[in-house]
Amino acid sequence: MLRSTFQFCQVALLLLSSGAPIAALSDQKMNRFIDQLMSQMTLEEKIGQMTQYSANMAQTGVNLPQNYEREVLRGRVGSIFNAYTPEFTLKMQRLAVEQTRLKIPLLYGFDVVHGHRTVFPIPLAESSSWDLHLMQATARIAAAEAAADGLHWTFAPMVDVARDPRWGRVSESTGEDPWLNSLIAAARVRGFQGEVLSDPTRVMACVKHFAAYGAAEGGRDYNVVDISKRELFETYLPPFLAAIKAGVGSLMTAFNDISGVPATADGWLLRDILRDRWGFTGFVVSDYTAIPELIPHGVASNLEHAAELAINAGVDMEMQGSTYIDHVENLIRSGRVNVKTVDEAVRRLLAAKYKLGLFDDPYRNVSKERAARVLMAPTHLQVARQMARKSIVLLKNDKQVLPIKAGEKIALIGPLADRKRDMIGNWSGAGDWRIAVSLRDGLSEAYGSKRLNYARGSNILEDRDLLAFLNQHGGEIDIDPRSPAEMIREAVSVAKRSDVIVVALGETQGMSGEAASRTQIRVPENQLLLLRALRTLNKPIVLVLMNGRPLVLEEESQLADAILETWFLGTQGGHAIADILLGRENPSGKLTMSFPRDEGQIPVYYSHRNTGRPQLSGGDRWVSRYIDSANEPLYPFGWGLSYTQFEYSDLQLSAGAIKPDQKLVVNVTVSNAGSRAGEETVQLYIRDLVGSITRPLKQLRGFKKVYLEAGKSQTVQFELTLEDLKFYNRKLTFAAEPGDFEVMVGGNSKEFLKSNFRLTD
Ligand code: BGC
C-alpha cells in the first residue's frame with residue numbers, strides 16, 4: 001500500500017515537473033474520446049464534419065439559410081462561418097448539441113482580421129509599428145471579443161508576403177519581408193490562441209493563404225503564380241512555418257496555383273511539406289469555394305473529381321460548399337479515396353473541437369451579459385488608439401511643419417477627412433463604422449472647432465461607375481453633387497483663412513482588400529486637382545493619406561510639406577491622427593512595404609539580389625536600370641521619420657570572424673539629437689557577400705525599439721547566430737556558407753552604418 005502511494009507520488013511529481021507527460025496523457029484521453037466518438041459515426045456524419053457553410057449577415061442580424069439548417073440537423077455540417085452574436089451562435093449550437101444524433105458541437109469561424117467589434121488598424125498599418133507586443137495584444141483583444149461574441153476560430157493571421165502593391169490584399173498582409181512577417185505571424189498566433197485553446201477567452205487561429213498567394217501575376221487577385229522552389233522556400237513559406245512553430249491550430253489553402261498546381265490540390269505542399277517536413281498536426285481548410293474552383297483552374301473535370309483532388313491532397317474541411325458531402329462517399333465506394341483519408345481528416349477536426357473545450361461546454365460560457373461586458377470595453381478602445389498612433393508613418397516633414405503649433409488656424413480639407421466608414425478599413429465585418437472616430441471628429445475634439453475650418457474639397461472619385469460598384473459592396477460613399485471646380489473653390493477659400501492646411505486624401509477602403517487590385521496605385525486625379533489648387537496658396541500643407549496599400553506619390557511628395565501615412569486606422573483612428581498632428585504623440589511607424597515611384601517599377605522591394613550589372617553610379621548606360629526612373633522606391637522599407645532626429649554611431653562587432661557555433665554580438669550607439677523624446681526602431685541587415693547562389697543585397701535580421709529622451713544615447717545590442725546566416729542553397733538545403741558578410745545597422749533600409757565579419761568553417 002505504502003509502496004503504491006509512493007509510486008503514485010513519484011509519477012505525479014514526474015508529470016508536474018515536465019509538462020510533456022501531462023500533455024501526452026491528455027492527448028491519450030482526447031484520442032480515446034475521439035476513437036469512441038468516431039466508432040459511432042456514419043461515413044456521412046464524418047464527411048459532415050468536413051463541411052462548412054456560411055451564414056448570412058442581413059440587416060436583421062445573422063441567420064442561416066433554411067437548407068443549411070436542415071443539413072445541421074442531419075449531422076451533415078461541422079462548421080459555420082460568418083456567424084457571430086450570442087443569440088445566433090447559441091441558437092444554432094443548441095440545434096447541434098440537442099437535436100443531432102451524436103450531439104457534436106459546431107465550430108464557428110469568422111474573419112477576425114484586425115479586431116472584432118473594436119477595430120484595430122489594418123494589418124499593413126499594424127505591422128508599421130514593428131511592435132510585436134502590441135500586435136500580440138490587439139490579437140488577444142480581438143480573440144476575447146470574438147470569443148465573447150460566440151466565435152471559436154478566426155481566419156487569421158494572413159501571412160502572405162506582399163511585394164506587389166497592385167494586389168489589393170496587401171492591406172491584410174504585414175508587408176514585404178519574410179523575416180519580419182514570421183515574427184509578426186508568431187506574435188499574432190500567440191495573441192489569438194494564448195496558452196491553451198480551451199481558454200474560453202481565446203480563439204483558434206488559421207494561418208493563410210498557403211501558399212504564395214501574394215505572388216499573383218500582375219498583382220491581379222486570384223491570378224496564377226509561377227515562382228521557383230527557392231523563392232517559395234525563401235520568401236513565401238517562412239511565415240507559415242513560424243505560425244506552425246507558434247502552435248497555430250489550422251491553416252487555409254490559397255486560391256492560386258503555383259507553377260500549374262492549384263494550392264488546394266497540391267499534395268506536395270499540403271502533405272510532403274506541411275505534414276511530413278514541418279510536422280503540422282492541426283487541420284487544413286480550403287479557401288472559400290476553392291474546391292469547386294479546381295474545375296475552372298482546369299485540373300478537375302467535374303465536382304467529384306475536384307473533391308477527389310482536394311481530399312487526396314490533404315484538405316480536411318471544405319469552406320462554403322457541398323463538394324465533399326455530395327461526392328466523397330461515392331469516391332470511397334469507387335476506391336478513388338481511401339476511407340483512412342477521411343478518418344484522419346475527421347480526427348484532426350474533432351481534435352480541434354476537443355482542444356477548444358467544445359465537448360465540455362459547447363457554449364463556452366457565451367452570454368449576452370458577457371458580450372456586453374467585453375465588446376468594445378474601454379481598455380480595448382485605449383489599446384486601439386495606442387496601436388493606431390504607432391501605426392502612423394511620417395513620410396516627410398519639411399521645415400518641421402508638424403507638429404501643428406498651438407494657436408495655428410487649421411483648414412481641414414479633403415474627401416477622407418470626415419469619413420467613418422473608411423476609418424475601419426476592409427475586413428471589419430463585425431465593426432460598426434458609425435461609431436468610428438473620423439479625422440474631423442478627432443481633430444475637433446482635440447483642438448476645438450474655433451480654429452478649425454472644414455471643406456470637403458472633392459469627391460473621393462469622379463468615376464461614377466467605380467463609385468457605384470464600390471457602393472454596391474458596402475462603400476457607404478455619398479456623392480457631393482457639386483462640380484469639382486465648385487468644391488475646390490470652397491476649399492481654397494477655407495484654406496485662405498488658415499495658417500496650415502491639413503488635407504486628407506487617398507483611397508476609400510473598398511479600393512484595397514480582396515478583389516480590389518488596381519493598375520494605377522495613385523491618389524485619384526480629382527483629388528490631385530484639389531491638392532494642386534491648395535499648393536498655389538503657398539501655405540504649409542500636411543497631407544494625411546488614407547489607403548490600404550503603398551501608393552505612387554511622386555507628385556504629392558513635391559506638393560506637400562509633410563506627409564502622414566495613416567492607412568485605415570480602425571475605430572479610434574481620428575483620435576490617433578489628431579494626437580500625432582498636434583504633437584501629443586511623436587510618430588514612430590516605419591514602412592514594411594516599399595512605396596514605388598511608379599507602377600512600372602513593381603515589384604520593388606528592399607531585399608532584391610544584385611545583378612551582374614548593378615547600377616553603381618547614376619549615369620552608367622549598360623547597367624540594370626530604367627532610363628526614365630531611378631531604380632529605388634520613393635520611400636523604402638523601414639522608412640519613417642520622427643519629430644526628433646536619431647543619430648547612429650560607433651558600430652562595433654564582437655569579432656572579425658566567428659565559427660559556426662559562435663555568436664556575433666553587434667553594438668551600436670543611438671542618440672536622440674533632437675529636442676523631444678521619441679521612439680526609434682533600430683534595424684539590422686546582413687548581406688552574404690559571396691554565395692553559391694546570388695544573395696540579396698540586404699536582409700533584415702534584427703530590430704529593436706528604443707525610447708530615448710531628448711539628448712540621450714543608448715547602446716543597442718544584437719546577436720547574430722548561424723541561423724541568421726542560413727539560406728536555401730543550390731541543393732535547396734537550408735544552410736550557411738562560410739565567407740564574408742556585411743552587417744548594416746540604421747533607422748531604415750537605405751541609410752546605415754556598415755561593418756564586416758567572416759564566418760569560418
Ligand atoms: C478569403 C479568405 C477568407 C474567406 C472567408 C475568402 O474569399 O480569401 O481570406 O478567410 O473568404 O471569408
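**Notebook: domains, a helix, holes**

I started with the layout: the centres of domain 1 and domain 2, taken over C-alpha atoms, are 59 Å apart. Domain 1 is 1-39, domain 2 is 388-601 and domain 3 is 646-759, with bounds from an automatic or database domain assignment.

Ground rules I kept in mind: this is a predicted model, where local features need pLDDT of at least 70, side-chain atom pairs count only at pLDDT 80 or more, and totals for chains, interfaces and linings use all residues. Residues are numbered from 1 along each chain as its sequence is written, and side-chain values use heavy atoms, with hydrogens and water left out.

**Helix H4**

Next I looked up H4, residues 66-73. Helices (H or I, at least four residues) and strands (E, at least two) are DSSP runs, numbered from the N terminus. Which residues of H4 are buried? I found Tyr 68, Glu 71 and Val 72. They sit on the same side of H4 because they cover an arc of only 105° around the axis, going by the directions from the helix axis to the C-beta atoms. Gln 66 and Arg 70, on the other side of H4, are exposed. My cut-offs: buried is under 20% relative accessible area, exposed over 50%, partly exposed in between (1.4 Å probe, protein chains only).

The cover over the buried residues includes strand S1 (51-54), strand S4 (79-81) and helix H5 (86-99), with contact meaning heavy atoms within 4.5 Å. After H4 comes Gly 75, with a positive phi near 75°.

**Pocket and cavities**

On a 1 Å grid over the protein atoms alone, a cavity is a set of points where a 1.4 Å probe fits but cannot get out; a pocket is an open set with protein on both sides within 12 Å along at least five of seven lines; lining residues have an atom within 4 Å of a point. Grid points are joined across faces, edges and corners, and a volume is the space filled by probe spheres set on the points.

The largest pocket holds about 1500 Å³. It has 46 lining residues, and Met 57, Arg 421, Ser 428, Gly 429 and His 473 are the closest to its centre.

I counted four cavities of 30 Å³ or more. The largest cavity comes to about 130 Å³. Gly 75 turned up again here: with Gln 49, Val 77, Thr 100 and Ile 104, this glycine lies nearest the centre, out of 16 lining residues.

The second largest cavity is about 50 Å³, and H7 gives the most to its lining, with three residues.
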